[in-house]
Structure formats: structure tokens, C-alpha cells
Amino acid sequence: MTETPDFIIFLGRFHPLVVHMPIGFLFFAFLLEIYSKWKKDSVFNAGIPLALLTGAVTAAIACILGYMLSLSGGYDDAAIDSHFWFGIATTVIAFMAWLIRIDKIKISKLNSVKSNIATLALLVILLSVTGHYGGNLTHGSDYLTKYAPFQEKEEPLQPVTKVEDAVVYSYLVAPILENKCTSCHNTDKKKGGLMLHDSIAILGGGKNGAVLVAGDASKSELIRRVLLNPHHDDFMPPKGKTPLTEEETAIITYWIDNANASFSTKIGAIESSKKTLAIATTMLGLSSDGNNGNELPKLGVIDEKVLNELLSEGFTLRELVFGSNLYEAVLPSNTITVANADLLEEKLKKLVGIKDHILWLSIQDNNLSDANIKDINQFKNLLKLKLNSNPITDIGISELNALSKLTSINLYNTQVTEVSLGSLSKLKNLQKIYAWETKITAENSKPFLKKGAFQVVLGKTID
């Protein structure tokens with residue numbers, strides 16, 4: 001079996017870009033046809049042949065690029081075949097619709113109006129089915145129906161009242177894999193021949209063998225890929241996906257090393273460090289050492305429309321534990337630049353709508369200014385805040401006076417000075433300030449360190 005040339009894979013990766021063009025053109029042709037008949041205005045007919053031809057040509061190109069992309073492997077054969085052949089059918093019918101529209105094909109039993117509408121209606125159906133199969137390849141076969149009201153739901157995990165009662169894999173590891181890994185490693189899309197959606201799939205490994213070495217995370221491929229330099233070709237998740245946080249990596253490492261990658265071991269049955277217990281406690285929505293022993297908030301379910309609106313604004317939302325209604329919110333780096341800086345305030349104000357539900361917030365590298373800090377100060381349940389790589393100063397940090405539960409803040413590569421340490425010292429639960437590549441130094445932070453209120457981290461690390 002010969003390996004597919006890199007250039008073919010390179011071209012194939014343009015498929016997701018090109019595939020939206022025939023969808024737009026062919027739907028546009030359908031709408032023009034309907035509108036022209038409704039208004040009885042033939043003016044709109046003039047653009048239909050061009051829309052059909054452009055849609056058919058771009059559909060053909062999308063099919064070719066899709067085939068090239070499929071050669072990279074990692075897809076379920078049945079799913080890729082269904083998507084491919086429906087794509088071919090859509091392309092053929094699109095060309096037929098164009099030929100019918102320009103009177104190169106005439107169906108004697110139907111007048112031109114009926115044949116035009118019939119072929120365009122068939123095109124819409126084929127486009128929908130083809131898109132559905134394409135969505136299955138990208139997101140998994142249950143993506144469309146997972147939250148449908150008629151869908152049989154999986155039995156949810158029962159909430160635990162003590163961290164010791166939680167099964168490490170089910171309560172901590174599985175949610176991480178589902179949020180960060182299974183979109184590329186599921187039954188329909190098996191990148192590297194690997195599936196991570198359940199215990200059997202994980203133990204089955206990928207095309208290069210096992211991904212776990214029970215008891216030794218350092219030799220486990222699952223961890224090795226996560227800890228690589230983000231610019232490395234083998235780094236996981238790939239560019240464009242949200243990387244695992246330090247806490248998530250620590251939990252998976254803990255599962256492999258301490259729980260021997262068991263799928264049934266509870267936290268109480270194995271040795272656990274204070275740091276691990278603190279992370280697990282937060283993820284489970286229980287009381288936290290970093291929260292001064294206070295219970296985390298008990299909140300109701302957020303309206304799905306609100307969540308979808310925030311997702312459309314570019315935020316990534318991850319529920320810290322199933323059913324807790326407590327979330328990590330991330331605005332991916334460079335979503336906001338100098339060119340669209342005015343959009344940040346609008347996005348933050350929408351996020352403020354669920355401020356009580358956010359425990360971890362990351363706005364790193366998003367052109368955040370001092371003027372935006374007042375919005376962030378409203379998130380009174382925050383435990384962890386990442387503001388690094390933004391043009392914020394001591395003026396903005398002085399506004400953070402309501403975050404009484406905050407345990408860590410990342411100010412790496414900002415314009416803050418030791419003045420900010422004075423402002424932050426008023427936050428009674430603050431434990432760590434990450435401040436390398438700022439004007440805060442070991443020398444000017446000494447007065448605050450002597451008080452023992454928090455630790456200032458000046459060496460490069462990840463949090």
C-alpha cells in the first residue's frame with residue numbers, strides 16, 4: 001500500500017473551505033426559483049442558470065478535494081462512502097438542473113416550471129443529506145440527534161457528595177476526552193486509527209499501537225502528544241482545537257500513574273496529592289480548598305439558547321462536571337485583534353449574562369484593555385482567571401476588587417507592575433499570580449511575598 005503524497009493531502013484540506021460554495025449557490029438558485037414564481041417576476045430567472053452552473057462546478061471541485069482528503073485515512077469507510085456518493089449525486093443533479101434550466105434537456109411529460117422546481121427541490125434534499133453525512137464525519141454520528149427531545153438519553157452519572165467517591169475515569173477523565181478529543185477520535189472519524197469515546201476503544205489503541213501504559217504516563221502516547229511543543233506536527237489536539245489545560249493534563253496523568261488507567265477505581269482508593277484533590281474537587285463542583293472551604297454555588301440550568309448564542313460569539317464553554325451548571329469559558333486567542341477590538345466589550349457583556357456560572361475564565365491574547373476589566377469584575381464566582389498577553393495595566397487590575405473567591409490569575413506578558421500586587425493582595429483567597437515577562441520582579445515583589453498572602457510565579461510555566 002503506497003502512502004498518499006503530502007501534496008494530495010494538502011489539496012484535500014481545502015475541501016471544508018470549498019464545500020460551502022455549492023451549498024450557497026444551489027440554495028440560492030432554489031430560492032430564486034421559488035421567489036420568481038411567487039412574485040411572478042421573470043427578472044429573477046436571469047440569475048438562476050449562473051447560480052446552478054457555479055454550484056455544479058464548485059460541487060465537482062468539492063468532490064475531488066473530498067476524495068483527496070479521504071486518502072489521509074482515519075475515517076469510517078461506510079460513513080465516508082455515504083458522504084462521497086451523495087456528494088456525487090448532488091453534483092450530477094446540479095448539472096442536470098442547469099441543463100434543464102437552459103433548455104438543453106427537456107422532459108416532455110412536465111412543463112418547464114415543474115421540471116425546474118422538481119430538480120431544485122431534489123437538490124435541496126441531496127444537499128441536506130450530504131451535509132448530514134459530512135457532519136457525522138466531523139462531529140460523530142450522534143451530533144445531530146444527541147440533544148433531540150425524542151433521543152434516548154444515556155444514564156447520567158449520579159452526583160457525588162465526597163471527592164473520594166468519584167470514579168477517576170468516569171467523573172474526571174471521560175469529560176475531558178469528550179470535550180477535547182472525541183471530535184477527531186470517534187466511531188466515524190478515527191484519526192490515527194484511534195477512538196477515545198469509551199474504555200474498549202481506548203484500550204484498543206490506534207494504528208501505532210497502545211496509547212496507554214498503565215502506571216507510567218511518561219511512556220503513554222496519550223500524554224506524550226499533549227506535552228509536545230504546540231508547533232510540533234504530533235501535538236494534540238491539532239492546531240485550531242482548544243488544547244488541554246494544565247489541570248486536565250494533570251488529571252489524565254494522575255489517572256494513568258495513580259489509578260493504573262483503571263476504568264473503575266475511585267479517588268478514595270488511591271494516593272492523591274493535595275493539588276490533584278483540589279483540581280478534582282473543583283471539577284466535581286464540590287467544596288474546594290482554594291475556595292476557603294465554602295460550597296461552590298448551586299445553580300440552575302442555563303437556557304440552551306443562551307449557550308448557543310455565546311458559542312456563536314466564539315466562546316468555548318466546558319461544563320466542569322456533568323450536571324453542575326458550572327463552566328470554564330474560553331475566548332480563543334486572537335479572536336479579538338486591533339482591527340475588531342470594539343467587539344470585545346459586546347462579547348463580554350453577553351457572557352456577563354451567565355457570570356455566576358463561570359468558575360474559570362480565559363481571555364488571553366485578545367487585545368483586552370483596562371476598560372474591559374469592569375465587566376470581568378462582575379464574575380464573582382471566578383476561581384481562575386487568565387488575562388495574559390493583553391495590553392492591560394495596573395489601572396485595570398485595580399478594578400478587580402469583587403473577585404473574593406479567585407485563587408489564581410495569569411498576568412504573563414502584560415504591562416502590570418508591582419502596584420498590581422498591592423491591588424490583588426486584597427483578594428483573600430488568591431494563591432498564585434503568574435507574572436513573568438512583566439515589570440514585576442523578584443525584588444519588587446518581596447514585600448508582598450513576606451506577608452505570605454500569595455505566590456508570585458516569575459518563571460515560565462503553564463496555567
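Biologist: Where is phenylalanine 10 placed?

Modeller: This is a predicted model, and in it phenylalanine 10 sits in helix α1, residues 6-12.

Biologist: Which residues form the nonpolar patch on the surface?

Modeller: The patch is made of Phe7, Phe10, Phe14 and Leu17. Together they have about 440 Å² of accessible area. For the general idea, nonpolar side chains in soluble globular proteins tend to be buried together.

Biologist: Okay, now the inside. How many residues does the largest nonpolar core have?

Modeller: That core has 42 residues, and Leu351, Leu385, Leu387 and Ile409 are the ones with the most contacts inside it. Several elements each supply at least two of its residues, including α12 (304-312), β2 (327-330), β3 (358-362) and α16 (419-424). Helix α13 gives the most, with three residues.

Biologist: Which residues is isoleucine 409 in contact with, leaving aside its neighbours within four places in sequence?

Modeller: Its partners are Leu385, Leu387, Leu400, Leu424, Leu430, Lys432, Ile433 and Tyr434. Apart from this core lies another one, of 41 residues, with Val226, Tyr254, Ile256 and Leu286 among them.

Biologist: What does the side chain of asparagine 390 reach at 2.8 Å?

Modeller: That would be the backbone nitrogen of asparagine 366. The backbone nitrogen of asparagine 367 also pairs up with a polar atom of the asparagine 390 side chain, at 2.9 Å. Beyond its neighbours within four places in sequence, asparagine 390 is in contact with residues including Ile363, Gln364, Asp365 and Leu368, and also Asn413, Thr414 and Gln415.

Biologist: And zooming out, what share of the residues of the chain count as buried?

Modeller: Of the 463 residues, 44% do. The chain's secondary structure comes to 17 helices and seven strands. Among contacts with a separation of 6 or more, 61% are between residues 24 or more positions apart.

Note on methods:
Residues are numbered from 1 along each chain as its sequence is written. This is a predicted model: local features need pLDDT of at least 70, side-chain atom pairs count only at pLDDT 80 or more; totals for chains, interfaces and linings use all residues. Side-chain values use heavy atoms; hydrogens and water are left out. Helices (H or I, at least four residues) and strands (E, at least two) are DSSP runs, numbered from the N terminus. Buried means under 20% relative accessible area, exposed over 50%, partly exposed in between (1.4 Å probe, protein chains only). Contact means heavy atoms within 4.5 Å. A polar contact is a pair of N or O atoms within 3.5 Å; within protein, one must be able to donate a hydrogen and the other to accept it, and residues adjacent in sequence count only if both atoms are side-chain atoms. Patches are made of residues with over 30% relative accessible area and no salt bridge: like charges are joined within 9 Å, nonpolar side chains (Val, Leu, Ile, Met, Phe, Trp, Tyr) within 5 Å. Accessible areas come from the Shrake-Rupley method with a 1.4 Å probe; for residues, only the protein chains shown count as cover. A salt bridge is a side-chain nitrogen of Lys or Arg within 4 Å of a carboxyl oxygen of Asp or Glu. A nonpolar core is a set of buried Ala, Val, Leu, Ile, Met, Phe, Trp, Tyr and Cys residues joined through side-chain atoms within 4.5 Å.
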